[in-house]
Amino acid sequence: MSNDTDREFANLLQLAIDGQIDPGQGQRLQELMRGNPERMNAWVDHFRLDSLLSNEIDRSSVVDLVDLVCPQNSTLDHVSPEVHQTKYRKHTESKAWWVVTAILAVSVLFMAFLFVTGRSLSPFASVATPTQPDTTIAILAQTSEDVWHGNVEPPLLLSPGRLQLESGLAEIRVYNGVTLYLEGPVDLDLNSLEHAHLRHGKLRARVAEQAEGFTVTTDAVRLVDRGTEFAISAGDDGRSQVHVFDGLVDLYPSGKASRDDTNRRPVSEGESVEVDPSFETRRTEFALDRFPSAQAMDQSVANRFERWKSWSTEFAKRPDLLVYYNFEEFGEKGNGRNTVIDLADANPINATVVGCEMLTGRWPQKKALGFYNPADRLRVRIPGRWPNLTMACWVRLDELRGVNQALLLTDSFDAWQPHWQIAKEGTLKLGIGQDTVEESRRMRSPSTPLNELAPLGRWMHLATVYNAERKTVDHYVNGNKAGSNGLPVAEPLHIGTAEIGNWLRPRQTGNEPIRNLDGRIDEFMLLRSALNAETIKEIYQAGR
């Protein structure tokens, strides 16, 4: 068995596992396996292992494949998946030739059908996705300087639940037309479209006409809106304050139904009252500025954006920057409007925009590029070889859809070229090209799954550090370590022509003909140094 043939077999096997093999390659694979038990066993073992390691494929997937080629009265029918697999292994040991040949025949026919019809070979396409009920009732529209309890950020779309904002501002838009402004510290139960319970802190509510009747409760009072704008607070002493800026609200003792008018206490525009736990009320000073508002939110966000701009100007002066796109400058120093300007001081490398809709970034004033369409991408050419490399960007990832999504992918995947992407398993991953598929497999470096670290739909900072001297790859999400991987070997990386947010190849076949990022990017940087954890944290804090 020659090394070249072994390498060819390994490459074809990997293509088959990745769902990227075409009918001609399938036939060649079959030829290489014919009369070679070692390769047939490799096929079975790899296919089974790959299936078992995939979160999206259940453990019966290999058995299902065998069922396609087994006789109708097979003893594999009507048994549990575990027993099924045990019997399957025995079955393949005794009839490996027949089963593998049959698998190949079915696989080639199946792939040929898909190839002709243009359908995806993705294993995910064959897995039914149950329809989940949508329980969301509100959207987290804007935040500024927000710090949440336990540093656990809420998702973009909110289901009923508890919100604990320790500091900063948050704007929540309930689907029925109510807008809530929170200022930390505040502890709120968002119970339904019609009701929120304020445990502690203060909020301001602007209630649209369609949402009249929206109710906020505290331990002291039940407030029922009659189409207005009001603020309410809940203190540690059990007292609450209610301020009405516009319209009218009705107050009731906490725990009493709003239909009971016996203890109804109306509060009109310009009035302010304090309510104790026994529902005793007294007038207090009207305090328009003590509560969060849309104006306070806008000013805070504008201030935050200006501070980031100052930081960005200074950051661009770093001598170790290879490229720095902050997506605020397009075309002014380049050849046209489709150019993103590299702000790195030395040897700027501008990027060419293909597709990409201009969208809002981390703040309303900030620009970002969306990569939602298959054509969307940034083209770059980065010369040189780098023993240390730090890749970092701000991303709003809207979906983990079970396919690889590009951050930075080199056009080819030759030895020591990096592929930085969101892996189909939902991790941040750095792959490093090698001479063989098996060698490349050993160079993959995944992070902790992203959905365990940051909510989808909200901006997150991703960073990966390659250190050839230490033979390590470290991942960071929102300034925190998210994975560290040792490498068997390490040499300087080289990029050459590459894409941000997409991949030039593959095109015609495979389960992932397009790897565009399902999201937005509004800042991207490459540094020819291995940044430490402290510096990664500083970059995150400067941009959050």
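Which residue is the bridge partner of T390 in β29? This predicted model gives the reply in the second view below.

**View 1. Strand β20 and its cover.** Strand β20 spans residues 388-397. Of its 10 residues, 9 are buried. The strand is thus described as mostly covered.

**View 2. Strand β20 beside β29.** Strand β29 covers residues 519-527. It runs antiparallel to β20, and 8 bridges join the two. T390 has L527 as its bridge partner in β29.

**View 3. Strand β20 beside β25.** Strand β25 takes in residues 459-467. Here 9 bridges make the link to β20, and the pair is again antiparallel. M391 stands opposite T464 of β25.

**View 4. Two cysteines, C356 and C393.** C393 has a relative accessible area of 1%. C356 has a value of 10%. Why do C356 and C393 count as buried? Both are called buried because their values are under the 20% cut-off. A disulfide is a covalent bond between the sulfur atoms of two cysteines. The structure holds 0 disulfides.

**View 5. L504 in its loop.** L504 lies in the loop between β28 (493-500) and β29. Is L504 buried or partly exposed? Its relative accessibility is 25%, so L504 counts as partly exposed.

**View 6. L504 and its contacts.** Neighbours within four places in sequence are left aside here. L504 is then in contact with R377, R379, D411 and E499. From L504 to R377 the C-alpha distance is 9.0 Å. In sequence, 127 residues separate L504 and R377.

How values were computed
Residues numbered from 1 in each chain as written. Predicted model: local features only at pLDDT ≥ 70, side-chain atom pairs only at ≥ 80, totals over all residues. Heavy atoms only, no water. Buried < 20%, exposed > 50% of the residue type's maximum accessible area, 1.4 Å probe, protein only. Helix = DSSP H or I, 4+ residues; strand = E, 2+ residues; numbered from the N terminus. Pairing = 2+ DSSP bridges. Disulfide = S-S within 2.5 Å. Contact = heavy atoms within 4.5 Å.
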